[in-house]
Amino acid sequence: MGKVIENIIKKRWISLYVENEIGVLAKISGLFSGKSYNMDSLTVGETEDETISRMTISVTSDESTFEQIKKQLNRCVEVIKVVDFTDIPIHMKEILFVKINSLKDSEKEEVFSISKIYGLAVIDCDRSTLLLECVQTESKNNAIIKLFQNSFPNRIEVVKGGSVAIEAISVADR
Amino acid sequence: MEIRGTELFVKALREEGVNTLFAYPGGQVIDLFDALYDAEGIEVILPRHEQGLIHAADGYARSTGKVGVCLVTSGPGATNLVTGIATANYDSVPLVCFTGQVPTHLIGNDAFQEVDIVGITRNICKHAITVRDRKDLAKVIKEAFFIAKSGKPGPVVVDLPKDIQQAMGSDDYPKEVSIRGYKPSTGVHIGQVRRALSILNQAKKPVFLVGGGVNIAGAGEEFTKLAELTGMPVITTIMGKGAIPTNHPLYIGNIGIHGNYAANRAISECDVLFSIGTRFNDRITGKITEFAKLAAIIHIDIDAASISRNIQVDVPIVADAKTAIIKILEEAKGLPVSEWTKEVRGWKEENPLGMKKYEGMTPEIIINKINEKFDDLIVVTDVGQNQMWTTQYLELDHSRKLLTSGGLGTMGYGLPAAIGAKLGNPDIPVLCISGDGGMQMNIQEMATAVCLELPLILCVFNNSYLGNVRQWQEMFYGGRYAFTSLATRRSHAGRGGAGTENAGIENADIENVGIENEGIECADTNSARTSGGSSSCTSDSKEAIKGSPKYSPDFVKLAESYDAIGIRVETAEEIDEALDIASKSKNTPVLIEFIIEPEANVYPIVPTGKPLNEMVID
Ligand SMILES: Cc1ncc(C[n+]2csc(CCOP(=O)(O)OP(=O)(O)O)c2C)c(N)n1
């Protein structure tokens, strides 16, 4: 028999409150590798309480694996709270730097206009290089990277941070 | 008042009620050892290897229900604990393992004997922490004991840098613990209990499946009441064995790849599986998609992560087994299932366990003799066929205990764990059953047992093979005995299989080792062995030592070299006498080497990937 469970593989999000101590990050990431859970991204930083850090973790998994992940995280003594962000309104942002090299003047113009549309900031430059900064949702950032990759193949350099997320007050998009 | 870290350590042990400490010295714990020198009331046990040490602490903990406490030095001392930590973790044994560490200012510098033991053990223990500040020392130790024994018990590693041990600081030891990330559940969700019971009340073919959680919670008696109230058949995992007396009419047997016919069939045919304190490990489920596939599953476990991990559960109840069973007893009622229970019993009677293929001195006969001989007994097993036979044939009731490495299956567990069990239960006979392979994995602890004057009964089932693996090779690898003979000499080594020249003990080079045993001196079974003087054999025990060893080591001589008593048993007629001698020993371990059929197999067996009801019976 057994309960029928939703076994759709999709992107899922966890917000994790942990003790801000040496080794906790290793413990959490070690749990994922040790149990063979695939992690898409993990960001961590201190909260308003300096003894507590908050992590945002995203995974692509089915429901039952995800349930296990939450339970396993909950078992860790250093984990104070596990919040499932998958189906609740949240604000989520990811930092992205894109550097584009060997730009002709006309191409620079193109970059500036794309930036305007997508809300990117040009934060540094020289004659043929531009550095863009972008704080968007992960999926938007991915779309932006794709756009630049197509327009300037082999000339871009990308650095992304992981996502951070917080519960929304009213509505939000991902 | 200001005291040194080492003094606080001793104080902490006292506050935690620790009177037995398993410890091995070294540079990074020498200060702690020095402090223990004057610590009256705390017996410090010195095994011969840190792996033996931690298995001893584990055996102590399993058999007493107390926390087992280890103290070892940094680096190699700490890494030698690793197997024991994982062993305890899998079977939910409460341990606190103190490891010495280099001084904090050297951590990370590749200092002599520095290893990141917290990093190494993080994934195999319940909790691991390095104390980095003297002011945290008391709190960390207090929390370590609390974490080890509460909720789902497990091993905790506390890494103690040398400067923290030496530093002065407060002598306060906290009375209470509050860890914001750790709140083991205590209550039982009554709604879930009622859901479970409403499913159960409609069942026509319900069974109980009981795992180690029931024994850990000490809920055997309550569970037996529940079984009797409902009248349902009871099946156990090897870790759950003994939760209900094995001679109880409702007890059917073990489930799993070496489970018995009736148990495995009942699981395959039941309509409600009421499981308590088991993880549905692959050793018990067989082919997972076929496991209990007609049943609604109710699962009580203290660890939420054990629920719906391997098997999807219909009614989860996260709770301590004892608390939950007591709650259920209040609400449960008798079920009209006696026909079904009778049917399952009938399967058991038609397909009894038994070593039909073999004659003479079989493991079954030896274990049955043990059943006859002792009323109150702690039995420790090693890992392999010896373990399977023991868990199949040993009779248990609530007053007797079975200690076995179920989850990790650690060879070398038996002897040291028996030492720990005896230390924790000086008034109960402790008997260990091991294979010749596993016995050699921590044989050095014979010396510990001798020095501690422990009258352990050590039964070695010598088949001169790594039997369990050999059986697989015989059954599933076309009889290719790839490197599982413990007897073959290099000059005779071939890659033979069953029935070839190299199989069995017969072809060992007898000349090289076949030394006559006549004239071997053995000690009087009851003489104190610490005097160092060699005493002479009683005629009884001398009579028992006969025959030539055809393999190495000669376990009888080996026992004697440790100043223990060694007896070799080659026929069923000799079993009684050997057990008699062993049970009369007051302060000396007695090793009985049983020469068993080299190619005896464990049956039934469910081949890998097969469902439970497709077992090979014999
Ligand atoms: C430390 C360790 N190494 C290897 C194994 C794999 N293994 C399981 S049973 C077994 C054979 C055990 O042989 P023996 O101790 O002689 O016992 P028998 O099966 O013959 O009773 C082996 C090698 C194990 N369980 N533990």
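Buried area is the accessible area, taken with a 1.4 Å probe, that two parts lose on being put together, summed over both. In the predicted model, domain 1 and domain 2 of chain A bury about 720 Å² between them. Carbon and sulfur atoms carry 57% of that area. Trp13(A), Thr43(A) and Phe85(A) supply 50% of the area that domain 1 of chain A buries against domain 2 of chain A, more than any other three residues.

The bounds, from an automatic or database domain assignment, are 10–88 for domain 1 and 91–167 for domain 2 of chain A. The C-alpha centres of the two domains lie 28 Å apart. Each domain of chain A gives eight residues to the contact, defined by heavy atoms within 4.5 Å.

Two salt bridges cross the interface of domain 1 and domain 2 of chain A (a side-chain nitrogen of Lys or Arg within 4 Å of a carboxyl oxygen of Asp or Glu). Glu167(A) forms a salt bridge with Arg54(A). Their closest N and O atoms are 3.2 Å apart. On the side of domain 1 of chain A that touches domain 2 of chain A, strand 1 (10–19), strand 2 (39–46) and strand 3 (52–61) each supply at least two residues. Strands here are DSSP runs (E, at least two residues), numbered from the N terminus.

Residues are numbered from 1 along each chain as its sequence is written, and chains are lettered from A and ligands numbered from 1 in the order in which they are written. In this predicted model local features need pLDDT of at least 70, side-chain atom pairs count only at pLDDT 80 or more, and totals for chains, interfaces and linings use all residues, while side-chain values use heavy atoms, with hydrogens and water left out.

Technical notes:
Helix = DSSP H or I, 4+ residues; strand = E, 2+ residues; numbered from the N terminus.
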